[in-house]
Amino acid sequence: MTLPADYHMHTPLCRHAVGEPTELAAHAVRHGFTEIGFSDHNPMPRDDWDDWRMLRSDLDDYVAKVELARREHPSLVIKLALEMDFIPGQEAWVRELAARHPWDYIIGAVHYVSESWDLDNPKRISEWKTRDPFEVWTAYFERLTMAAESGLFEIIAHADLCKKFCFYPKEDCTPLFAKFMAAAKKNDVAMELNTAGLRKDCKEIYPSPQIVRMAAEAGVPITFASDAHAPGEVGANFTEAIALARSVGYAQWCRFTGRRREMVKL
Ligand SMILES: [Zn+2]
Ligand SMILES: [Zn+2]
């Protein structure tokens, strides 16, 4: 069986990952991958935005490091991508970055539910204790839906990242998920199955089996993602992610080249 591509991997330029792209690529080759993609955290217009993304001056270096990995691993298809934050008001910045290099795809991610709160940041976990989880999940999924509608992204990242620290609402969130799924379908955006959730407190793939099932029923295509922040995490738990996808009826994953999609048999 050919493994689906691991389309979500980070590099030390984001300041919280280890392993150069060529090292992650070597790991991917050893584990039988034929295709991967790097999608490090995009720079923001101000370098003091936060401390977990590449700086503006690092973008060209990032591209050069991915190109070096390509040269050193000619048997592996290596895609060039970014994980870009979707923050209302920053759309022009996303477009500007998107025009700078020949990206194969752009992953849209919601980490910020307000101007100042990145809800998955371990340093900001105390903020959760002052909030109603349902309000946070609602704000999160509203932004995720806007990201899907924005036309800026090929793939939406870790669709229920808000479960990371296990602050689950008592209320039924199905309507929030359904709105997002309708937007993804209508705007032809793919959703990733991201195994990093298994390495966090929530101990579950992003998104949950319920949401993956809803995506399959809506006909939203998928990609696979380890969200590796170290070489040893490349392709982590892909067996579980593939089993989850198959269990709800997926028989294909998406390949992206130059921001164009083709479907590949799973
Ligand atoms: Zn992310
Ligand atoms: Zn990521």
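Is His158 buried or exposed? In this predicted model, for which local features need pLDDT of at least 70, side-chain atom pairs count only at pLDDT 80 or more and totals for chains, interfaces and linings use all residues, His158 is buried, with a relative accessible area of 2%. Residues are numbered from 1 along each chain as its sequence is written, chains are lettered from A and ligands numbered from 1 in the order in which they are written, and side-chain values use heavy atoms, with hydrogens and water left out. Buried denotes under 20% relative accessible area, exposed over 50%, and partly exposed the range in between (1.4 Å probe, protein chains only).

Donors are N, O and S atoms within 2.8 Å of the metal (3.2 Å for Na, K and Ca); water is not among the atoms, so sites may look incomplete. His111 lies in the loop between strand 3 (105-109) and helix 4 (133-149), and His158 in the loop between strand 4 (155-156) and helix 5, so the pair ties together parts that are 47 residues apart in sequence. Helices (H or I, at least four residues) and strands (E, at least two) are DSSP runs, numbered from the N terminus. His111 also counts as buried, at 2% relative accessibility.

The zinc ion (ligand 2) has His8 (NE2), His10 (NE2), Glu83 (OE) and Asp227 (OD) as protein donors, 2.0 to 2.2 Å away. These residues follow the spacing H-x1-H-x72-E-x143-D. Both His8 and His10 are buried. Glu83 bridges the two zinc ions, ligand 2 and ligand 1, which lie 3.5 Å apart.

Tyr105 is found in strand 3 and is buried, at 0% relative accessibility. Its contacts (heavy atoms within 4.5 Å), not counting residues up to four places away in sequence, include the zinc donor His8, as well as Tyr7, Phe38, Leu82, Ile155 and Arg259. Tyr105 and Asp61 are 44 residues apart in sequence and 18 Å apart in space, C-alpha to C-alpha.

In helix 1 (residues 21-30), the buried residues are Pro21, Thr22, Leu24, Ala25, His27 and Ala28. They pack against strand 1 (35-41), helix 2 (59-72) and strand 2 (77-85). Gly32, with a positive phi near 90°, follows helix 1. In helix 5 (residues 174-186) lies Ala184, which is buried at a relative accessible area of 1%. Ala184 touches Ala148, Val189 and Val220, not counting residues up to four places away in sequence.

The largest pocket is lined by 23 residues, of which His16, Asp120, Lys164, Lys200 and His229 lie nearest its centre. The lining divides into five nonpolar, seven polar and eleven charged residues.

Methods
1 Å grid on protein atoms, 1.4 Å probe; cavity = no way out; pocket = protein on both sides within 12 Å on 5 of 7 lines; lining within 4 Å. Nonpolar A, V, L, I, M, F, W, Y, C, P; charged D, E, K, R; others polar.
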